[in-house]
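Good morning, and thank you for making time for this presentation.

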Amino acid sequence: MNFDLTIIVNALPYLWKGFQYTLELTAIAAAGGLFFGTLLALARLSSIHALQMVAAGYVNLMRSIPLVLVIFWFFFLVPLILQAITGATRPPQVGAERTAIITFIMFEAAYFCEIMRAGIQSIPRGQIFSSYALGLTYSQTMRLVILPQAFRNMLPVLLTQTIILFQDTSLVYVISATDFVGAAAKVAQRDSKLVEMYLFVALVYFTLCFSLSLAVKQLQQKIAVIR
Amino acid sequence: MPMIEFKSVNKWYGGFQVLRDCTTKVEKGEVVVVCGPSGSGKSTLIKCVNALEPFQQGEIIVNGQSVGDKTTNLPRLRSQIGMVFQHFELFPHMTVLENLNLAQVKVLGRGADEAAEKSQMLLKRVGMLDHAPKFPGQLSGGQQQRVAIARGLAMDPIAMLFDEPTSALDPEMINEVLDVMVELAHEGMTMMCVTHEMGFARKVAHRVIFMDRGEIVEDATKDEFFGTPRSERAQLFLSKILQH
């Protein structure tokens, strides 16, 4: 078997475009997931029963379904739902890239919710009492006192989840979005060079994720010293 | 008009009654010490004053406002009452100075400079000005508690509540906190203190309230209380904590 490195070199500009999309998707999904996840966590910990139930239901649903299925759902069902709402003659196309972003934000929100919930619960209740005693409102207490501490405590876990997310984004391949893996797959099939392309992609993922995990581990020790 | 008035306050945790028909008051400028065995409801009683604990029956009036009334603006009411906790509860992600500034800016709407000036003045007063840029985790328990008192005072409170302020401290740090509290009492601050420090009570308290099993058993002037407590339970309690 002849291993052809020039294939990879020639494909680099195209692969880079795919990689950029992977990064973009990871960043947007992490930021959006953290934002909505935090809101979900606050809802799960709220004293309003209905709010708790809705948030818990959402989180459990998302966590019990394979990610691929959620991606499929959105890709095929959302256009139909939009059609039903707007009354258009044909289902409006959301597009693979946009579907992927929405899906990942919604899916990751469930996971980030559980992390932030644990983080909020790790803060002693006395912190809430002392904030209230100073006259801070609920939202000020959360925004200024509880969430910054919870976020800090959970930072290593949040980063680890983001690394997992970075790998999971490769699943957008199933709706033909051209992420890093998608781009590699297209080149591999066009030139019949599957071994080279898939090995290269695996190597890049491994190098990045492994070194990032090491960095997170170091960060964890650093945070442990400060506390 | 009393600064804080309790009228037949009852509170239950599920089926367990933690406060039974508690009626008493704290006048302006008065220092009232609340003592009693653990689980007697004294911390719960003091937390009802600024609605950190809800109560089911009765009424608490603070400076003319009913705490239990649904129309009462609780954040506003709470901002007028300083509170000091057993475990200090400073915000660990903020410096000492930021701890004092936060509520002044966010609740009272003071400007940053005005708040910082006030904070520095109070830190100086509790002997903590040199530690202003430090984080709470870098301070001893006694120092943290002095900062916590300054944080409460920064809101210009009409009364201060102390919930076992020295119980979590190492013995050698108790006095530095009590000294600040004594000074505060001498300046005429209205204070309600849950504490076992009977030396503090003798020195500055006007009245002592003794609680047991959720009831106010004894509510007497300091001299009456330490002279001849009327109830057997209070006598027993005093003999237990004063024999050493």
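Within chain A of this predicted model, confidence is lowest in helix α3(A), with a mean of 86, and highest in helix α5 (residues 125-133) of chain A, at 96. The score is pLDDT, the predictor's confidence in each residue, from 0 to 100. For chain A its mean is 91, and 97% of the residues reach 70 or more.

A word on conventions. Residues are numbered from 1 along each chain as its sequence is written, while chains are lettered from A and ligands numbered from 1 in the order in which they are written. As this is a predicted model, local features need pLDDT of at least 70, side-chain atom pairs count only at pLDDT 80 or more, and totals for chains, interfaces and linings use all residues; side-chain values use heavy atoms, with hydrogens and water left out.

Let us stay with chain A. Its secondary structure amounts to eight helices and zero strands, where helices (H or I, at least four residues) and strands (E, at least two) are DSSP runs numbered from the N terminus. The C-alpha trace of chain A spans about 70 × 55 × 25 Å along its principal axes.

How do two of these helices meet? Two packed helices are described by the angle between their axes and the distance between the axes. The axes of α3 (residues 67-86) and α4 (residues 96-121) of chain A come within 9 Å and cross at roughly 130°. Axes here are lines fitted to C-alpha atoms, for helices over the stretch in contact, and angles run from 0 to 180 degrees between N-to-C directions.

On the α3(A) side, the contact (heavy atoms within 4.5 Å) is made by Leu67(A), Val70(A), Ile71(A), Phe74(A) and Phe75(A). Among the α4(A) residues that take part are Ile102(A), Phe104(A) and Phe107(A). The residues of this contact divide into ten nonpolar, two polar and no charged.

I turn now to chain B. One open sheet has four strands in the order β2-β1-β4-β5, with antiparallel pairing; two strands pair if DSSP finds at least two bridges between them. Strands β2 (16-26) and β5 (65-66) of chain B stand at the edges, each with a single partner strand, so one side of each has no neighbour in the sheet.

Seven bridges join β1(B) to β2(B), and Ile4(B) has Val26(B) as its bridge partner in β2(B). In the hairpin of these strands, with two residues between them, Gly14(B) takes a positive phi near 60°. Five bridges join β1(B) to β4(B), with Gln57(B) in β4(B) as the partner of Asn10(B). Two bridges join β4(B) (residues 57-62) to β5(B), where Ser66(B) partners Ile61(B). Helix α1 (residues 42-49) of chain B lies across β1 (4-13), β2 and β4, running at about 120° to β1(B).

Finally, a second topic in chain B. An open sheet of six strands has the order β6-β7-β8-β3-β9-β10, with mixed pairing. Its edge strands are β6 (81-84) and β10 (215-221) of chain B, and the twist averages 15° from one strand to the next. Four bridges join β7 (residues 159-163) to β8 (residues 191-194) of chain B, which run parallel, and Asp163(B) stands opposite Val194(B) in β8(B).

Notes: Ala, Val, Leu, Ile, Met, Phe, Trp, Tyr, Cys and Pro count as nonpolar, Asp, Glu, Lys and Arg as charged, and the others, Gly among them, as polar.
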